[in-house]
Amino acid sequence: MTRPAYANPVHVLLGSPVPVRVPVRVSVPETVPVSCASASSSLGPARRRGARCLAIALTLTLCVGVPIFSTSARAGVPEALTEHVLPGFQTFAVQARALAVNATADCTAAGVRPSFHNTFDAWMGVSHLGFGPLDTDGRGLAIAYWPDKRGMVGSTVAALLRDEDSAVGDADQFSEVSVAGRGLMALERLLFDPDYAEYERDSYTCRLVQALAVDLSRMAAAATADWQEQARLMQTAGQAGNVVYLSEDEPAQQLYTALLSGLEWTADQRLGRPMGSFERPRPERAEARRSGRSLRNVLLNLRALEHLAEALAEGPLPVSEAAFTDAIIQAEDLDDPVFAGVADPSGRLKVEILQQRVRAAQEAAKVEIGRQLGVSVGFNSADGD
């Protein structure tokens, strides 16, 4: 399978960096090289084609300011926070900041697309953590409004362009725009839809792209900052004065639920929606199909969820690790970037096998990690969507 440059699974963190195109010094570099050989030893034997390097990179990238905790919180929670959650949000914030800087310098579709992909890559590292800071003020939906069952992104973007809404000139005002007209999915529409992507530098569309990028950067930074307090609360669960987590078990249960819900979301939504039914496949429903990211999102999210599982576990995960490996290899070998093949019986079978393997990873993690932590699945903010 020949992938475009951005589709290297660890391009943002380990490959050739996408440069910031203006002489503005971003406080943290957009790309932090990591040695796979030295990093892999901290997580045990390497198992496949460098896939584990993404997890390591998320851990080591941008760790300045990430607190190291030493409290009595249940084992697995500190590791999940310091190795997965906090570095993942730091990466997302920095990539979103680079997107805003680059869009300000060159708002054309060709100029913004590389940073768009980098930011979406980073989002796949944390999108499964939909509680807390991502649930505040509907941030998660505003960052990525999908699935879009009623075509709200298209209609909202069209209305903004038709009316030349003045909100694009004021960040506070733009934050009040409908969530369907903000975030990665609205930006994707402008950058990749042939009806919009040929806009000129001095056009209203160009200003809208810049407003979307700045808004994404603001939300990513706010979520990352809020996670410092969220992490503190999770680390002091059950202690006097903590009214969010009343028992020591609750943070572990919440992270465990996020892990299983993330796998379920990928199986049911990222794979299930384009599959539709055998009689009526719906490839047009695939996530981020305009930017060619549908399969890539599945792969990156599986790797992120595997990393969370390993950080959260209190012991070996032989069954879960094998199941994740099977699912990831199946995704890597699937030559169908936007799941167009679901319209063909043989192509559909390959996606069905991938879906089955994702569900097998979910079941394995549910048993192995649940037994180790002594917790069960709780309520998730994505339930019922």
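This is a predicted model: local features need pLDDT of at least 70, side-chain atom pairs count only at pLDDT 80 or more; totals for chains, interfaces and linings use all residues.

Residues are numbered from 1 along each chain as its sequence is written, and side-chain values use heavy atoms, with hydrogens and water left out.

**Overall build**
- The chain has 14 helices and zero strands; here helices are DSSP runs of H or I with at least four residues, strands are runs of E with at least two, and numbering starts at the N terminus.
- Of the 385 residues in the chain, 56% are buried (buried is under 20% relative accessible area, exposed is over 50%, and partly exposed is in between, using a 1.4 Å probe and protein chains only).

**The second largest pocket**
- This pocket holds about 380 Å³ of space. A pocket is an open set of points on a 1 Å grid over the protein atoms alone, where a 1.4 Å probe fits, with protein on both sides within 12 Å along at least five of seven lines. The volume is the space filled by probe spheres set on the points, which are joined across faces, edges and corners.
- Its lining has 18 residues, and Trp146, Asp148, Glu284, Arg285 and Arg290 are the closest to the centre; a lining residue has an atom within 4 Å of a point.
- Helix 9 (residues 183-192) gives the most to that lining, with three residues.
- Sorted by class, the lining has eleven charged, six nonpolar and one polar residue (Asp, Glu, Lys and Arg are charged; Ala, Val, Leu, Ile, Met, Phe, Trp, Tyr, Cys and Pro are nonpolar; the others, Gly among them, are polar).

- Pro147 sits in the loop between helix 6 (139-143) and helix 7 (152-163).
- Glu164 is not a glycine, yet has a positive phi of about 45 degrees; Glu164 lies in the loop between helix 7 and helix 8 (171-174) and is exposed, at 51% relative accessible area.
- Phe339, not a glycine either, has a positive phi of about 60 degrees. Phe339 is in the loop between helix 13 (318-332) and helix 14 (345-373), and counts as buried at 0% relative accessibility.
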